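My plan is to jot down what I look up, one entry at a time.

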Amino acid sequence: MADKRGDSGSDSDSTEEPVVGNVNKFAVVPPGYSGKPKKGHLIFDACFESGNLGRVDYITEHEYDLFIRPDTCNPRFRVWFNFTVENVRSDQRVIFNIVNFSKTKSLYRDGMSPLVKSTSRPKWVRIPAKHVYYYRCPDHRKNYVMSFAFNFDREDDVYQFGYCYPYSYTRLQSYLDNLEKRNLDFFSRELLCLTVQQRRLDVLTITHPDNLEHEGEEKQKTVFITARVHPGETPSSFVCQGVIDFLVSNHPIAKILREHIVFKIVPMLNPDGVFLGNYRCSLMGFDLNRHWLEPSPWAHPTLYATKNLLMELDRSDKYEVDFYIDLHAHSTLMNGFMYGNIYEDMERYERQSVFPKLLCANAEDFSLANTNFNRDAVKAGTGRRTLGGCMDENAHCYTLEVSFFSYQTSTTGQAMPYTEEGYMKLGRNLARTFLDYYKLIGYISAKPSSSIVPKPGMYRHRERQNNDRAASEPNGRNPLDDTRYYSQRYGDKSSREEKSSRRGADYTINSSSSAFSDTPTSIRLQLKERDRRF
């Protein structure tokens, strides 16, 4: 396999050697070479959780063609990659060509680049965009190829490359285990079902314990959030963790929300696909986000259990589901944004536009311009479309998308690459926006009760200042009509801290002094010459 160069088409009916399974400690040696691999004969591996690399072809000692392994039981989807390289030589310079992407549109056109880390530098950083090229290649049936140049600088390191920041099933389980150990009275974790491969589908409940014993005539307001139905869309897991972290925190807004709202969260809808390193599909090759209409208990057990729980809550005399939000990541657009539904009822259609506007006021990376309301036939069977048609008409059903790459703000206009922290910040801002919404409709009082006001200190001092400022407003002004009022009132301190944190994180990624940034001019020229030819 390593001593021949074959074409790699993106069509599923390709006649070339199929890519099945991940490479396992695969040493790529020159044609005709026999014996133990020497230093500099690269060893590739993707046989680990969420790994994906199906094949490697030796081109020259400086160039290798890499093939993404298609999703299990579905050759159509080839986007996610996650693999390691070892047995490198110090200052070994290479070009990696990823040759069988199934998508033609890509953020690689807009400056996105692969991520890399190594054993001595465990923090993910982006390879500088000037070393990355995305182009049509006649050697591979004119399919799009992503080539990047890289310089291995430490012989003893194992290097790992990824499409985006990985977030594995094991990482989620460890995170939830640690949350359970805190014995929070407002947090519970239940097993909703087991997957085909017997992995857990967890559902979390975050609310004040009294809300679960609610017996009044008024139904208990409920928010339902799901994530990771598409296993390669790892940013959605970071957003989801940001939501959870915020809701279980001691932040005053979190305390108010827990007192009034029941949050139900399914943080990973496709555990098998995540574990296997798929991009879009489950173990059995199903795009689960097209099977919400009639999920099968044996083929789509996680959807079946989740939809049943949602329908049970929707029919309940005790709960009222106000929101269903499904978290995703987008491979061609910038920023965070939402998809919503189109309804014949104009009042319902207009009502659902409120929440995205409130979120835009809280999150600088959220784009109203990219937010879209539709009922495209291609989206039939998605969670948003299906549940929007079968749940109570008062329920708001959205898909929240976030870019795999970056966001642009209205102030700078410059693309800011997302970090893990940046994704979690969007999750925190999503959570805080629920307070703005419920205050706007009058469900939560503008003045929180004394039982949830924080202890005396800096925050309480600022609360008094804000209350004094509100009291001095001209007569007739209703603060509930001004979303910026609540954004300023509750967002200042944490926003400043998060901006400072983001600047530090982004500096590492963009710094020209990155240990991974020094790619030799000769290799860059080879790539530019290739770009001109094709």
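**Entry 1: a tryptophan in a loop**

I started with tryptophan 298, which lies in the loop between α5 (271-276) and α6 (301-315). A reminder to myself: this is a predicted model. Is tryptophan 298 buried or exposed? I found a relative accessibility of 60%, and the cut-off for exposed is over 50%, so tryptophan 298 counts as exposed. Next I looked up what it touches. Leaving aside neighbours within four places in sequence, tryptophan 298 is in contact with Val196 and Met284. I noted the valine in particular: tryptophan 298 and valine 196 are 102 residues apart in sequence, yet 7.5 Å apart in space, C-alpha to C-alpha.

**Entry 2: the whole chain**

I stepped back for some totals. I get 13 helices and 21 strands for the protein chain. The chain has 534 residues, and buried ones make up 57% of them. I also checked contacts with a separation of 6 or more: residues 24 or more positions apart account for 75% of these.

**Entry 3: ring pairs**

How many aromatic pairs are there? I count 47. I picked out tyrosine 108 and tyrosine 163, an edge-to-face pair with 6.2 Å centre to centre and 80° between the planes. Tyrosine 108 is in the loop between β6 (92-98) and β7 (115-118), while tyrosine 163 is in the loop between β11 (159-162) and α1 (169-181), so this pair ties together parts 55 residues apart in sequence. I looked up burial for both. Buried means under 20% relative accessible area, so tyrosine 108 counts as buried at 7%, and tyrosine 163 counts as buried at 2%.

I then turned to phenylalanine 323 and phenylalanine 434, which form an edge-to-face pair at 5.2 Å centre to centre, with 75° between the planes. Phenylalanine 323 belongs to strand β16 (residues 319-330) and phenylalanine 434 to helix α10 (residues 420-440), so I have a link between distant parts of the chain, 111 residues apart. Both phenylalanine 323 and phenylalanine 434 are buried.

**Entry 4: charges over rings**

Which rings have an arginine's charged end over them? I noted phenylalanine 275, with the charged end of arginine 199 sitting 3.8 Å from the ring centre. I also noted phenylalanine 186, where the charged end of arginine 258 sits over the ring, 3.8 Å from its centre.

**Entry 5: two helices crossing**

Back to α10, this time with helix α8 (residues 354-362). Their axes come within 9 Å and cross at roughly 125°. That angle makes α8 oblique to α10, and I logged the crossing as right-handed. On the α8 side the contact is made by Val354, Phe355, Leu358, Leu359 and Asn362. On the α10 side I listed several residues, among them Leu430, Thr433, Phe434 and Tyr437.

**Entry 6: two asparagines with positive phi**

Most residues other than glycine have a negative phi. I still found asparagine 183 with a positive value, near 55°. Asparagine 183 is in the loop between α1 and β12 (187-194), and I have it down as exposed, with a relative accessible area of 67%. Asparagine 335 also has a positive phi, near 70°. I located asparagine 335 in the loop between β16 and β17 (336-341). At 5% relative accessibility, asparagine 335 counts as buried.

Technical notes:
Residues numbered from 1 in each chain as written. Predicted model: local features only at pLDDT ≥ 70, side-chain atom pairs only at ≥ 80, totals over all residues. Heavy atoms only, no water. Phe/Tyr/Trp six-rings, centres within 6.5 Å; stacked < 30°, edge-to-face > 60°. Helix = DSSP H or I, 4+ residues; strand = E, 2+ residues; numbered from the N terminus. Buried < 20%, exposed > 50% of the residue type's maximum accessible area, 1.4 Å probe, protein only. Lys NZ or Arg CZ within 6 Å of the ring centre and 35° of its normal. Axes fitted to C-alpha atoms, helices over the stretch in contact; angles between N-to-C directions. Parallel < 35°, antiparallel > 145°, perpendicular 65-115°, else oblique. Left-handed = near helix turned anticlockwise from the far one by under 90°. Contact = heavy atoms within 4.5 Å.
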